Amino acid sequence: MAIMASVGGDGKVFEAAPAGVHQAVCVDVVDLGILDVTWQGVTKKQRKVNVAWQINEDRDDGKPYLVFKRYTLSLHEKAGLRKDLESWRGRKFTTEEERGFDIERLIGVNCLLNVTHNHVGDRVYANVVSIMPLAKGMPQIAGRDYVRKVDRQPDMPAHHVSDEEVAGMSNAPLTDEDIPFAWLMPLVLPAVGLLGAFTSLV
């Protein structure tokens, strides 16, 4: 779950987003594929995705902080993805939506993120612990200076987030989200533009 201050292979220290409640915009959904997940000595294969947000606070280099959360791709009633999406949208999923919900529709949608820090050794993980819709009348923010993972060329960096930062998500401490649940829906990957309003989720 989440992203971190850690030393990468090039010696660079990545800045963890500050703790607290932040306005944020979803800038990416990254399909991690089928991964082996071990919980209480049992290993199962699960489809995983990372959801990435930029918050409305900049790092020392002027680029917006990024936070990530890893999910099992599932709308099971106990799955973390479902719980967060229902909190974000402010309503329950319909029976029709349970049959398949394209989570790339989240890209460009604003929210409020509650971020906490988890210290593990010399690393600091910025964990997204809850997601809420914006307050009524709150102006929206747009993503900036970011290239989606799926759109990157080998010689095109994401400007301020490295592949190591994204891949490093799998090295974060296990949470309840990693308890095996049956994944129920496919990840649809059409070309999706930025969405201008939160109502596009409805």
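# Close-up views of a predicted model

**View 1. Arg47 and Asp31 meet through their side chains.** In this predicted model, a polar contact of 3.0 Å joins the side chains of Arg47 and Asp31. Arg47 belongs to strand E3. With a relative accessible area of 15%, Arg47 is buried. The cut-off explains the label, because buried means under 20%.

**View 2. Strands E3 and E4 form a hairpin.** The two strands run antiparallel, and 8 bridges join them. Between E3 and E4 lie 5 residues. Gly62 sits in this turn and has a positive phi of about 85°. Along the pairing, Val49 stands opposite Tyr71 of E4. How covered is E4? Mostly: 9 of its 9 residues are buried.

**View 3. Two aromatic pairs turn up in the whole structure.** One joins Trp53 and Trp88, with ring centres 6.0 Å apart. Their planes meet at 45°, so the pair is tilted. Trp53 is in strand E3 (residues 42–58), and Trp88 is in helix H1 (residues 80–89). The pair links distant parts of the chain, 35 residues apart. Are Trp53 and Trp88 buried or exposed? Both are buried.

**View 4. Phe93 pairs with Phe101 and also meets a charge.** The ring centres of Phe93 and Phe101 are 5.3 Å apart. Their planes stand at 85°, so this pair is edge-to-face. Phe93 is buried, at 7% relative accessible area. Phe101 is buried too, at 3%. Arg89 lies over the face of Phe93, at 4.4 Å from the ring centre.

**View 5. Nonpolar residues gather in a core of 30.** Which members touch the most others? They are Trp53, Val67, Leu85, Trp88, Ile103 and Leu113. Several elements give two or more residues to this core: strands E2 (20–39), E3, E4 (64–72), E5 (110–120) and E6 (123–132), along with helix H1.

**View 6. Lys45 and Asp36 form a salt bridge.** The structure holds 14 salt bridges, and this is one of them. The N to O distance is 2.8 Å. Lys45 counts as exposed, at 57% relative accessibility. Asp36 also counts as exposed, at 52%.

**View 7. Asp58 forms a salt bridge with Arg144.** Their closest N and O atoms are 2.4 Å apart. Asp58 lies in strand E3, while Arg144 lies in the loop between E6 and helix H3 (163–167), so the pair ties together parts that are 86 residues apart in sequence. Asp58 is partly exposed, with a relative accessible area of 37%. Arg144 counts as partly exposed, at 39% relative accessibility.

**View 8. Glu98 and Arg82 meet in a salt bridge.** Here the N to O distance is 2.8 Å. Glu98 is in helix H2 (residues 95–98) and Arg82 is in helix H1, so the pair ties together parts that are 16 residues apart in sequence. Arg82 counts as buried, at 11%. A network of salt bridges links Arg82, Glu86, Lys92 and Glu98.

Terms used:
Residues are numbered from 1 along each chain as its sequence is written. This is a predicted model: local features need pLDDT of at least 70, side-chain atom pairs count only at pLDDT 80 or more; totals for chains, interfaces and linings use all residues. Side-chain values use heavy atoms; hydrogens and water are left out. Rings of Phe, Tyr and Trp (its six-membered ring) pair if their centres lie within 6.5 Å; planes under 30 degrees apart count as stacked, over 60 as edge-to-face and the rest as tilted. Helices (H or I, at least four residues) and strands (E, at least two) are DSSP runs, numbered from the N terminus. Buried means under 20% relative accessible area, exposed over 50%, partly exposed in between (1.4 Å probe, protein chains only). A charge sits over a ring if NZ of Lys or CZ of Arg is within 6 Å of the ring centre and within 35 degrees of the ring normal. A nonpolar core is a set of buried Ala, Val, Leu, Ile, Met, Phe, Trp, Tyr and Cys residues joined through side-chain atoms within 4.5 Å. Two strands pair if DSSP finds at least two bridges between them. A polar contact is a pair of N or O atoms within 3.5 Å; within protein, one must be able to donate a hydrogen and the other to accept it, and residues adjacent in sequence count only if both atoms are side-chain atoms. A salt bridge is a side-chain nitrogen of Lys or Arg within 4 Å of a carboxyl oxygen of Asp or Glu.
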